Amino acid sequence: MKIILGNAVSDEFGHARGGDPGDQKQKNEPDFSGEVKLQNFYMNKKGWDILRWKKVQNAVVASKLMKIACNNKNIGYSQSDRYGIIKSGIDTKKPVNCDCSTLVREVVQETLGKSVPDFSTEDEVAVLQKTGAFAKTISYEPGTTLYDGDILVTKTKGHTAIVVEGMPRRNPFAEPLTNVTSTVNAKKTGCQHYISTGEGVQWVQYELCRNGYQKQIDASGGIDGQCGSKTVSCIEAFQRKKDLEVDGICGKMTRAELKR
């Protein structure tokens, strides 16, 4: 799956400071050439930390706002007057500038509908975590699933971006109408009506990822529609966390909690 980021990169001269307001390098929409632009995912040499929205709706809004910003020719880059975007907003009709952190800050402010304290990439994670809008920060590793709206921040001062095209935050798979567990666990628990393969399993795996069990699901083969022992272990861990019966069977009550 192709992952697309939205971010502020450099001014029209390739520098950090001194650029004119507005995007002098934008040629087309969607904009993959501008000062503030879309680009294919890349692994930053400093590594990425991931801030993931708790609420799906916030993630959807944030990804859309960042895409609008990248395609708005009135938003350029310069650290000299980086607060122009904060004063004028994502949909500005007059030329302004930003840098990578003020752009992300404005996206977050417009998503939440409230002011967020100023930050740089050095303290971005700490400041955004204090808003209460994000789940526990996770570290990106090769193969980690990235979702629409995920905010990427380098592990040390450097850069920040938002995923505008990744795995949809709304589950793209059909919810199962019966229990989901492995064949081995079904025999162990006496569960007679269940599925262990197919789209219904993918739905459960997707929701487990969204609820913080992404690394475990990725380690078991990803959202592959195969319910094996590791997927069952994730179901049990989730049930334990939610004070449900810990049987490794994703039934109606477990599915309801997964959707919350």
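Colleague: Is strand β8 largely enclosed or open, and how many of its six residues are buried?
Modeller: This is a predicted model, in which local features need pLDDT of at least 70 and side-chain atom pairs pLDDT 80 or more, while totals for chains, interfaces and linings use all residues. Residues are numbered from 1 along each chain as its sequence is written, and side-chain values use heavy atoms, without hydrogens and water. Strands are DSSP runs of E of at least two residues, and helices runs of H or I of at least four, numbered from the N terminus; buried means under 20% relative accessible area (1.4 Å probe, protein chains only). Strand β8, residues 160–165, is largely enclosed by the rest of the structure because the number of its six residues that are buried is five.

Colleague: Through how many residues does the hairpin join β7 to β8?
Modeller: Strand β7 (residues 151–154) also pairs with β8 in the antiparallel sense, over three bridges, and Leu152 has Ala161 as its bridge partner. The number of residues through which the hairpin joins β7 to β8 is five.

Colleague: Which helix supplies the largest share of the lining of the largest pocket?
Modeller: The lining of the largest pocket has 20 residues, with Cys209 and Arg210 among those nearest its centre. Both α6 (199–219) and α7 (229–241) supply at least two residues, but the largest share, eight residues, comes from α6.

Notes: 1 Å grid on protein atoms, 1.4 Å probe; cavity = no way out; pocket = protein on both sides within 12 Å on 5 of 7 lines; lining within 4 Å. Buried < 20%, exposed > 50% of the residue type's maximum accessible area, 1.4 Å probe, protein only. Pairing = 2+ DSSP bridges.
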